[in-house]
Every structure is written in C-alpha cells, then in structure tokens.
Amino acid sequence: MTTRLLIGRALAALATALIPTTLTLAVLRATGSAQALGLVLACELVPLLLFLPVGGVLADRLRPERVVLLADLVRCLAQTAIGVELLAGTPRVVDLAVLSAVTGVAIAFGMPAVPRLVAGAVPGPDRLRVNTRIGVVTSLSSVIAPALAGAITLAAGPGWAALLTGMVYACSALTLGGIRTAGQSGRSRRGTFGRDLVDGWREVRSRPWFLRSVLGHGVWHFAAGLFLTLGPLTVVQRLGGESAWVLIMQCGTVGLVAGVLAAPRLPIRRPIVVVQVAAALYLAPMAALAVPAPAWVIAGAYAVAMFGLGLLSPLWETVVAQEVPEDALGRVRSFDQLISFAARPLGLAVAAPLAGVTGATGLLLAAGALVAVANLAAMINLAAVADPAAADRATTPT
C-alpha cells in the first residue's frame with residue numbers, strides 16, 4: 001500500500017508540475033502575448049483558490065481515495081483536451097483558459113483529500129517515514145517536470161506535452177484511486193455545507209499554534225514569490241548570467257532533497273519549533289540577494305533555506321495529521337493550502353512594482369525580516385504540540 005501511495009503521489013506531482021511549462025510555451029507559441037499567458041494562468045489559479053474550502057468539506061465527507069480518483073480523472077480529461085486542441089493546430093485562448101479553469105477546480109477538490117488519504121492508509125508510527133518518502137518523490141518530480149515539458153515541446157510540440165500530462169494523471173488516478181483507507185468516510189457527521197465549513201474554521205481557531213504557523217508559512221510563500229522574481233533579474237544582469245541562476249536553483253534542489261532525507265533521522269523533540277525555525281531560514285537568501293552577495297554565496301544561502309523547507313514539509317504533514325481529527329483534516333488543510341497558494345502568486349505579481357517604489361534591496365531585506373519574525377513568533381506557547389515520533393509510539397493511529 002505504501003509503495004502504491006508513493007508512486008501515485010510522484011505521478012500526480014509530476015503531472016501537476018508539467019502544466020505551467022507546457023501552458024506557458026503553448027500560449028506563447030500560439031499568441032506571443034504576455035496578456036494571453038497571464039489570462040490562461042490566472043484561469044487556473046482563481047478557481048483553485050475559490051474552491052479549495054469546498055474541496056476541504058468534500059474531502060471530509062467522502063472517502064479520500066474516491067475524491068482523488070475523480071479529481072485526477074478530471075485533470076486527465078482537461079489536459080488531454082488541451083493536447084488535442086494544440087495538435088489540431090488552431091488553439092484558441094478562450095478554450096485553453098476554460099480547460100485551465102477546469103484543471104484548477106479539480107486541483108482544489110483533490111488537494112485537501114491527499115492528507116486524509118495518507119492518514120487513512122498509513123498507520124501512525126509510519127507516517128513520518130512515509131511523508132519523508134513522499135517529500136522526496138514529489139520534490140524530484142517537480143524538478144524533472146519543467147525540463148521534461150520543455151524537451152518534449154521543443155522536440156514535438158506542446159500538444160504532446162499536454163497529452164503526456166493527461167496520461168500521467170490517468171496513471172495517478174488508477175494508482176491512488178485503488179488505495180483503500182481504514183479511516184471513516186465522514187458520513188456520520190455530515191451536516192450542511194455552511195455548517196461543515198464553519199466547523200472546519202473552528203478546528204483551525206481552536207489550535208492557535210496551527211493558525212500562527214500557517215500565517216508564517218504564507219509570509220514564506222510571499223517572500224519566495226519576491227525572490228523568484230527579483231532573483232533572476234539581479235543574478236542574470238549583475239552576477240554572472242543565466243548559468244549563475246541555474247547554479248542557485250540547483251543548489252536549492254540539493255538542499256531541499258537533503259532536508260527531506262534528514263527529517264526522520266534527526267532527534268527532533270519539538271517538531272513545530274523546528275518547522276518554524278526552518279521557515280525562518282528563508283531570511284538568508286533574501287539578505288544575500290539584497291546586498292547582492294556573489295552568486296556562490298546566494299547559492300549557499302538558498303541551499304540552506306531549501307534544506308529548511310525539506311525539513312519542514314514531512315514534519316508539518318505528520319504533526320498536523322496527528323493533532324487534527326481525521327474527519328476534519330481535509331477542511332483544516334484546505335485553509336492551509338489556500339493561504340499558501342494565494343501568497344506566492346501575490347509575491348510574484350507585486351515584486352517588480354514594489355521594487356520600483358522601494359528599491360530591490362529594501363524590499364528584499366524587509367521581506368526577509370518579516371519571514372523570520374512571522375515564523376519565529378509562531379513558536380509562542382507550543383508546549384501542547386506533541387513530538388510526532390513519541391506520540392506515535394504512545395498512541396493508536398487516528
């Protein structure tokens with residue numbers, strides 16, 4: 001079951017990471033318009049943000065494997081339709097936008113179900129180990145996907161890349177949809193949609209450590225949007241060109257994978273403390289870029305920050321799955337995902353305008369300091385949050 005879960009998560013991550021590069025190259029080839037590209041990408045993001053809370057409610061009402069199966073099948077059909085239209089040679093922006101919106105809705109319904117799928121399929125003592133492996137395969141998939149999409153587009157065209165994405169989603173649906181969870185489906189506690197949504201928010205508010213951490217992570221994503229926009233501009237123009245930026249990104253990937261692998265091997269007694277300190281490490285590359293330091297210094301700082309992200313991801317998944325009742329996990333995680341998905345695009349969108357007003361140096365330093373303060377402040381009153389490894393040994397799975 002664990003192997004099936006790992007394969008399915010890797011396939012889903014690969015397919016999801018194929019989409020941005022494929023869509024970007026397809027729209028630019030078809031129209032050459034930045035406005036058209038922005039419209040298509042926004043048509044995926046906006047429905048995703050709007051429907052995430054709805055997806056959270058459904059994830060807690062239905063068996064998670066069924067939700068994931070349906071979401072992946074819808075994404076498969078949408079991406080296949082995009083591929084067919086691109087191969088037909090007459091792609092219309094409105095069609096790509098509508099199909100992207102369908103994909104965004106499917107992601108919104110599928111994502112909150114994944115934590116419930118893991119919690120229902122994996123016994124408590126094994127969750128940190130499994131979350132670590134999921135972190136490794138999803139990280140590698142997200143690194144491989146842009147290069148794969150670009151290579152297929154250059155060799156055969158974006159239509160074939162979209163068809164590949166649809167096929168990978170079909171494989172993910174068949175893999176994850178076949179998992180049988182041991183958890184409850186949530187049918188016994190089904191109420192109105194509004195009541196379920198309010199109850200989910202009540203679960204969030206009853207755990208101040210969770211809400212503070214999520215807000216800190218949102219600041220992290222906002223800062224990441226700034227860094228990923230201003231970083232290439234600064235590095236390419238002043239610090240060694242495109243090869244220097246590639247080096248920085250590669251060092252970040254190495255740091256990310258190293259952090260994920262280290263998470264279950266370190267003697268961590270206060271996981272949320274580690275999570276928040278790890279998030280605060282993003283101050284390092286922000287400050288290095290603000291100076292700006294030499295490219296190798298920025299690369300080292302970015303590797304450290306991404307190592308922190310690698311530690312954060314499996315620890316966070318494990319602790320939240322333990323601290324939140326399984327029948328509320330989908331709704332609670334949907335609030336988490338909503339803040340994260342909204343914050344990074346906001347950082348990407350406002351980076352250049354804000355830098356034009358404040359200057360890149362001031363903006364990067366201020367954002368880096370805000371990341372550190374927001375995440376370190378979230379560590380107040382964390383005594384009630386358990387060590388996942390110790391609690392897993394002492395309690396039965398939820």
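## Second largest pocket

Select Leu58, Leu62, Arg66, Val67, Leu70, Ala71, Val74, Val102, Val105, Ala106 and Phe109: these residues line the second largest pocket. Two elements, α3 (64-88) and α4 (93-110), each give two or more residues to that lining. The largest share, 5 residues, comes from α3. The model is predicted, and the space in this pocket comes to about 180 Å³. Colour the lining by residue class to see 10 nonpolar residues, no polar ones and 1 charged.

## Aromatic pairs

A search of the whole structure gives 10 aromatic pairs. Phe51 belongs to helix α2 (residues 34-61) and Phe109 to helix α4, so the pair ties together parts that are 58 residues apart in sequence. With a relative accessible area of 33%, Phe51 is partly exposed.

Now select Tyr282 and Tyr302. Their rings make an edge-to-face pair, 6.4 Å centre to centre with 70° between the planes. Tyr282 sits in the loop between α11 (271-280) and α12 (283-290), and Tyr302 in helix α13 (residues 295-323); the pair links distant parts of the chain, 20 residues apart. Are these two tyrosines, Tyr282 and Tyr302, buried or exposed? Both Tyr282 and Tyr302 are buried.

## A cis peptide bond

Move to the loop between α12 and α13, where Pro292 lies. The peptide bond joining Val291 and Pro292 is cis, with omega about -10°.

## Helix α1

Select residues 2-31, helix α1. How far apart are the end C-alpha atoms of α1? They are 44 Å apart, which agrees with the 44 Å that 30 residues should span at 1.5 Å a residue. Go along the helix to Ile19, where α1 bends by about 25°; a proline, Pro20, follows within four residues. Just after the helix, check the backbone of Gly32, which takes a positive phi of about 65°.

Arg9 is also in helix α1. Its relative accessible area is 18%, and the cut-off for buried is under 20%, so Arg9 counts as buried. Draw a distance from the C-alpha atom of Arg9 to that of Asp126: the separation is 17 Å, for residues 117 apart along the chain.

## Helix α14

Select residues 329-358, helix α14. This helix has 30 residues and reaches 41 Å from its first C-alpha to its last, close to the 44 Å expected at 1.5 Å a residue. Where does α14 bend by about 45°? The bend is at Ala351, and a proline, Pro353, follows within four residues. Gly359 comes after α14 and has a positive phi, near 90°.

## The cavity

The structure holds 1 cavity of 30 Å³ or more. The volume of the largest cavity is about 50 Å³. Select its lining: Pro115, Val118, Ala119, Asn131, Glu317, Ala321, Leu329 and Arg333. The elements giving two or more residues to this lining are α5 (113-121), α13 and α14. The most, 3 residues, comes from α5. Coloured by class, the lining divides into 5 nonpolar residues, 1 polar and 2 charged.

## Last stop: Gly218

Select residues 208-238, helix α9, and pick out Gly218 within it. Gly218 is buried, at a relative accessible area of 6%. Finally, draw a distance between the C-alpha atoms of Gly218 and Ala244: these residues are 26 apart along the chain, and the separation is 28 Å.

Technical notes. Residues are numbered from 1 along each chain as its sequence is written. This is a predicted model: local features need pLDDT of at least 70, side-chain atom pairs count only at pLDDT 80 or more; totals for chains, interfaces and linings use all residues. Side-chain values use heavy atoms; hydrogens and water are left out. On a 1 Å grid over the protein atoms alone, a cavity is a set of points where a 1.4 Å probe fits but cannot get out, and a pocket is an open set with protein on both sides within 12 Å along at least five of seven lines; lining residues have an atom within 4 Å of a point. Grid points are joined across faces, edges and corners, and a volume is the space filled by probe spheres set on the points. Ala, Val, Leu, Ile, Met, Phe, Trp, Tyr, Cys and Pro count as nonpolar, Asp, Glu, Lys and Arg as charged, and the others, Gly among them, as polar. Rings of Phe, Tyr and Trp (its six-membered ring) pair if their centres lie within 6.5 Å; planes under 30 degrees apart count as stacked, over 60 as edge-to-face and the rest as tilted. Buried means under 20% relative accessible area, exposed over 50%, partly exposed in between (1.4 Å probe, protein chains only). The expected span of a helix is 1.5 Å times one less than its number of residues. The bend at a residue is the angle between axes fitted to the seven residues ending there and the seven starting there.
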